[in-house]
Amino acid sequence: MTTTAQAERPAVRKNPPGAARGPRRRTGRIHRVGLPYLLLLPALLLELLVHLVPMVIGIVMSFKELTQFYIRDWGAAPWSALDNYQVSVDFDAPVGEALLHSFLVTIAFTVLSVGLCWLIGTAAAVFMQDSFRGRGLLRALFLVPYALPVYAAVITWVFMFQHDNGLVNHVLHDQLGLTDKPSFWLIGDNSFIALLTVSVWKGWPFAFLIVMAGLQNIPGELYEAAALDGAGVWQQIRRITLPSLRPVNQVLVLVLFLWTFNDFNTPFVLFGRTAPEAADLISVHIYQASFVTWNFGTGSAMSVLLLLFLLLVTGGYLALTSRGRRKAS
C-alpha cells in the first residue's frame with residue numbers, strides 16, 4: 001500500500017538552483033554597480049557648479065568684446081570671434097609683449113620654486129628617517145609654513161621685507177654687513193627673489209611630507225644589505241632611495257608645478273594689485289587685464305590660453321612618465 005500511495009502522489013517539479021532568486025540577484029548587481037556612481041554624484045555636482053560652469057562661461061566670454069560698458073548685461077556684448085586671442089598672442093603689440101614677458105617670468109619662477117621645494121623637502125625627509133632626540137618636534141616645526149593660512153604667512157613676510165624696519169635688511173645689512181645699503185625687496189628686480197623666497201618657504205613642507213610618506217614604503221633591509229656591501233650614504237640615496245621614490249616624485253613634481261604656476265594668492269598679498277615687472281606672474285597679469293583695465297574679453301582669452309598650455313604640459317608629462325614606467329617594468 002505504501003508503494004501505491006507513493007505512486008499516486010504527484011511528482012514535485014524542482015526549480016533549478018538560483019532560478020527563484022534570479023531577479024533578486026539581478027537587483028543586487030544593479031545596486032552594486034550603481035552605488036559608486038550614486039556616491040560620486042554630490043562631488044560631480046559640486047565640480048560642475050564650482051569649476052565646469054564658470055569654465056564654460058569664461059570660454060564664451062573670451063569670444064566677446066566684453067568691457068566695462070557691458071558689465072550690467074554681459075550677454076549683450078558683441079561677438080569678437082578670435083580678436084581677443086589675436087591681441088593676446090601678438091607679441092609685437094604692447095598687450096602680447098607684456099603677456100609673453102609675464103609668461104617667461106612665470107616659467108622661470110616655477111622651475112626654480114619647484115626645484116628648490118623638491119630638493120629641500122627631499123633632503124629634510126631623508127634626514128628625518130634616522131631616529132634621534134627631538135625628531136617629532138622638528139617634524140612639527142617643518143610643517144608650520146604649510147599649515148599656516150596663506151594671508152597670515154605672506155603678510156608676515158611683507159613686514160620682514162620692509163626697507164627701513166624689516167627683519168631681512170636688519171640681518172643682512174645691520175648685523176652681517178652683506179649689503180652696502182638696505183635693499184628694496186618689494187619693488188624692482190629684488191621682488192623676484194622675495195617672491196621666490198616666500199614660495200619656497202611656503203611650499204617645501206608639502207614636498208617634505210609627501211617624500212617622508214614615500215620613504216616609509218622602502219624596506220630597511222635594502223639599506224642594511226647595501227651597507228654590508230660597502231655602499232656609503234650617497235650611494236644608498238642614489239641607488240635605493242631615489243629609484244624607489246620615482247613614482248612619488250612624478251606625482252609630487254606635477255602637483256607642485258600646477259600649484260606654483262597658478263599661484264595667485266602669494267604675489268597678490270605680497271605686492272598688491274599691481275606686481276613689479278620682475279615678479280609679474282601670469283596669474284596676476286590676467287587679473288590685471290580683467291579687473292584693472294576692465295577688459296574681461298581679453299582676460300578670458302588669456303585664461304583659456306593658460307588652460308590649454310597647462311593641459312598640454314600635463315598631458316605630455318603624464319605620457320613621458322607612463323612610458324618610462326612601462327620601460328622600467
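These are my notebook entries on a predicted model of one protein chain.

**Entry 1: the whole chain**

I started with the confidence values. The mean pLDDT of the chain is 85, and 89% of its residues reach 70 or more. Where does pLDDT stay under 50? I found that stretch at residues 1–8, and the model gives those residues zero contacts beyond four places in sequence. Where pLDDT is low, the predicted coordinates should not be read in detail. I left that stretch alone after that.

Next I looked up the secondary structure: I got 15 helices and zero strands. Of the 329 residues in the chain, 32% are buried. I also checked how far apart in sequence the contacting residues are. Taking contacts between residues at least 6 apart in sequence, 64% join residues at least 24 apart.

**Entry 2: α4 against α9**

At what angle do α4 and α9 pack? Helix α4 covers residues 94–127 and helix α9 covers residues 190–215; I read an angle of about 40°, with the axes 6 Å apart. Angles under 35 degrees would count as roughly parallel and 65 to 115 as roughly perpendicular, so α4 is oblique to α9. The crossing of these two helices is right-handed. I then sorted the residues of the contact of α4 with α9: 21 are nonpolar, five are polar and none is charged.

I picked Phe-192 in α9 to begin with. Its relative accessible area is 18%, and the cut-off for buried is under 20%, so Phe-192 counts as buried. Which residues does Phe-192 touch, leaving aside its neighbours within four places in sequence? My list reads Val-105, Ala-108, Phe-109, Leu-112, Ala-278 and Ala-279. I also looked up the spacing between Phe-192 and Pro-276: they are 84 residues apart in sequence, but 8.5 Å apart in space, C-alpha to C-alpha.

Ser-199 is also in helix α9. Is Ser-199 buried or exposed? At 7% relative accessibility, I put Ser-199 down as buried. Once I set aside its neighbours within four places in sequence, Ser-199 is in contact with Phe-109, Ser-113, Cys-117 and Thr-260. Phe-109 turns up in the list for Phe-192 and in the list for Ser-199.

Over on helix α4, I looked at Ser-102. Its relative accessibility is 0%, so Ser-102 counts as buried. Beyond four places in sequence, Ser-102 contacts Asp-280, Leu-281, Ile-282 and His-285.

**Entry 3: α10 against α11**

Then I moved to helix α10 (residues 220–228) and helix α11 (residues 233–244). Their axes come within 11 Å and cross at roughly 145°. The crossing of α10 and α11 is right-handed. Which residues make the contact? From α10 I noted Leu-222, Tyr-223, Ala-226 and Ala-227, and from α11 Gln-236, Ile-240 and Thr-241. In this contact, five residues are nonpolar, two are polar and none is charged.

**Entry 4: two positive phi angles**

Last, I looked at backbone angles. Ala-81 is not a glycine, yet it has a positive phi of about 55°. I found Ala-81 in the loop between α2 (22–61) and α3 (83–89). With 48% relative accessibility, Ala-81 counts as partly exposed.

What is the phi of Trp-294? I read a positive value of about 60°, although Trp-294 is not a glycine. Trp-294 is in the loop between α14 (282–292) and α15 (296–328). Its relative accessibility is 40%, so I wrote Trp-294 down as partly exposed.

Definitions and conventions
Residues are numbered from 1 along each chain as its sequence is written. This is a predicted model: local features need pLDDT of at least 70, side-chain atom pairs count only at pLDDT 80 or more; totals for chains, interfaces and linings use all residues. Side-chain values use heavy atoms; hydrogens and water are left out. Axes are lines fitted to C-alpha atoms, for helices over the stretch in contact, and angles run from 0 to 180 degrees between N-to-C directions. Helices (H or I, at least four residues) and strands (E, at least two) are DSSP runs, numbered from the N terminus. Angles under 35 degrees count as roughly parallel, over 145 as roughly antiparallel, 65 to 115 as roughly perpendicular and the rest as oblique. A crossing is left-handed if the near helix is turned anticlockwise from the far one by less than a right angle, and right-handed if clockwise. Ala, Val, Leu, Ile, Met, Phe, Trp, Tyr, Cys and Pro count as nonpolar, Asp, Glu, Lys and Arg as charged, and the others, Gly among them, as polar. pLDDT is the predictor's confidence in each residue, from 0 to 100. Contact means heavy atoms within 4.5 Å. Buried means under 20% relative accessible area, exposed over 50%, partly exposed in between (1.4 Å probe, protein chains only).
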